[in-house]
Every structure is written in structure tokens, then in C-alpha cells.
Amino acid sequence: MNLLYAIILGIVEGLTEFLPVSSTGHLTLVEKLLGLSIDDPGVTAFTAIIQFGAIVAVILYFRSDIIRLIAAWWRGLFSADARHNPDYRFAWYVIAGSLPIGIVGFAAKDLVSGALRNLWVVVAGLILWSAVMFIAERIGRRSRPEESLTLKDALIIGLFQCIALIPGVSRSGATISAGLLRNLDRVAATRLSFFLAIPALIGAGAYESASQASAVNATVGWGAVAIGTVVSFIVGYASIAWLLRLVARHPITVFIWYRIALGLVVAVLLATGVLAAT
């Protein structure tokens, strides 16, 4: 992979990781348009590893919150009084909500990097999950702040995150929709989505780095991975603040028409033979 392609893919990752439009779906599509083999293990690993840059952006952006949560969690391990702190509970909720994606992601790793790396899957994910996002906005009361979060909420939202293993669904689209269906307000649902992203994407990137190191070295190159990761960090950091402002004022349904339009365009290109599905 040449460095220009790495920069392009890093921009795509940074722009789409936190928007409910599916970063994996976009990366898969752009990789195909660039002439890359989307079912190549090295390219699949590249897609997962450069997400680490966006996660570093989340850690940096929310660093004060993360430090506060870790401190509260640590104090709560040794002090009964400290366990009454909402930050202690929230930290445990992030841990609990991250368990499903760790278990399902590991169990389905071959499926995720194999059969699901198909542009028809991306089309289906983009269009069908748009209906879920629409329903979540319509029926969610958005009456519960972050302080009202429960363990049940975290586990349900964590299970929804597993659906985002399907390219086109969108990890943030799945988790924010789940939060809205649990009647959380948009900002609370979005913030939890950011925090759940940290262990999920760090785990995916670390696993691919370790298990596919030789494939990355052979077909992509670690220089391209480094460039893509740095670019995704820069662009991702800029997109976080924008998304938080957006969801505070607008429903996530503003992304639905884009998702459906992109899905239909890709479907036409596939049906006419302009693009191959794999």
C-alpha cells in the first residue's frame, strides 16, 4: 500500500469512526475503489489497526473524565464509601458493557474478517440499520441523563455494539441507537458510545497487530499502517467535538438519508458490475 492510500484511508477512518455511518463499511468501500483486495488478511488488519488512532483521540479528548473514572473505580475497590460515587458505577458499566464485544468479536473473528468483508453486506448494513436508527429516535423518550445509567443499560448497549461487527451497521450507530431505546438522552448515549469504543477498538487493533503481523508486513507495510493511524488520530480528534455538538441539537436521523443514498449507490454499482462484492 502506498502512503497516499494510507493517508486517504486514515482520513476516512477519522471522519467516520464516531459518526453513525459505519467506518468499517466506508473503509471497505474505499479500499475496493482504490483497487485493494478487501479480503486480504493484511488489508483487513490495516482496517482494524488504524482505528487505534481514533481511539487515542478519544482518550486525549476525554482524558480528564477517564482519569476521574479510573481514580473513582480504584478507590471503590478498597472503600465502601467510595462505591457510592456515580463515577465508580459508571466505570464498572463501561467494563461490563465491553464484555459482549470482546466475547463475540473473538468468537466470530473468522466470519468478520472473511464472509462479512463483502460490499453487499455493507449495503445491507447501511440501509437496514437506518430503520433501527429511525425507530430509536421516534420511540426513545430521551428523558434519562448519564447519572441514571444502570448495569442493565450497559449490558444491553454492549450487546448492540456486537451487531456493529457487521460492516455497514456502525458501532456508534448501534450503541447510540441502543441508548436512545433505553430512553437515555442523546448526549448521554453518545458519551457512553465513546467510552465503550475505547476497550473495543484497542482490543481489535491489538489482536490484529499480533495475529496478522506477517500479513501486514507482506501486503500493506507498517509504514502505511503508521501513517494511516496518525492521520486517523488527527481527523478523529477534530470530529469528536463536532459530533457532540451535533447530537446535542439534532437527531441521529440526520445521517439516515446519507446512509440510504450511499447504500443504494453501492448496490447499483454492484448490480451493474462496476464494482465486485469482494
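Contact is taken as heavy atoms within 4.5 Å. On this basis, residues 24 or more positions apart account for 80% of the contacts in the protein chain with a separation of 6 or more. The model is predicted: local features need pLDDT of at least 70, side-chain atom pairs count only at pLDDT 80 or more, and totals for chains, interfaces and linings use all residues. Residues are numbered from 1 along each chain as its sequence is written, and side-chain values use heavy atoms, with hydrogens and water left out.

The protein chain holds 14 helices and zero strands. Helices (H or I, at least four residues) and strands (E, at least two) are DSSP runs, numbered from the N terminus. The C-alpha trace spans about 60 × 40 × 35 Å along its principal axes. The radius of gyration, taken over C-alpha atoms, is compared with a globule rule of 2.2 Å times the number of residues to the power 0.38. For 278 residues, a compact globule would have a value near 19 Å; the protein chain has 18 Å, which agrees.

Of the 278 residues, 53% count as buried. Buried means under 20% relative accessible area, exposed over 50%, and partly exposed in between (1.4 Å probe, protein chains only). The accessible surface comes to about 12100 Å². Carbon and sulfur atoms contribute 70% of this surface. Areas come from the Shrake-Rupley method with a 1.4 Å probe; for residues, only the protein chains shown count as cover.

A nonpolar core is a set of buried Ala, Val, Leu, Ile, Met, Phe, Trp, Tyr and Cys residues joined through side-chain atoms within 4.5 Å. The largest such core has 44 residues, of which Phe 62, Phe 194, Phe 195, Ile 240 and Leu 243 touch the most other members. Helices α4 (51-61), α5 (63-78), α6 (86-107), α8, α9, α10, α11 and α13 (222-249) each supply at least two residues of this core. Helix α11 gives the most, with nine residues. Leaving aside neighbours within four places in sequence, Phe 62 is in contact with Arg 191, Phe 194, Phe 195, Ile 240 and Leu 244. Another core, of 15 residues, lies apart from the largest one; Ala 45, Ile 50, Val 216 and Val 220 are among its members.

Helix α10 (residues 171-181) is mostly covered, with 10 of its 11 residues buried. Among them are Arg 171, Thr 175, Ile 176 and Leu 180. The cover includes α8 (119-139), α9 (151-163) and α11 (186-211). Asn 183 follows α10 and has a positive phi, near 70°.
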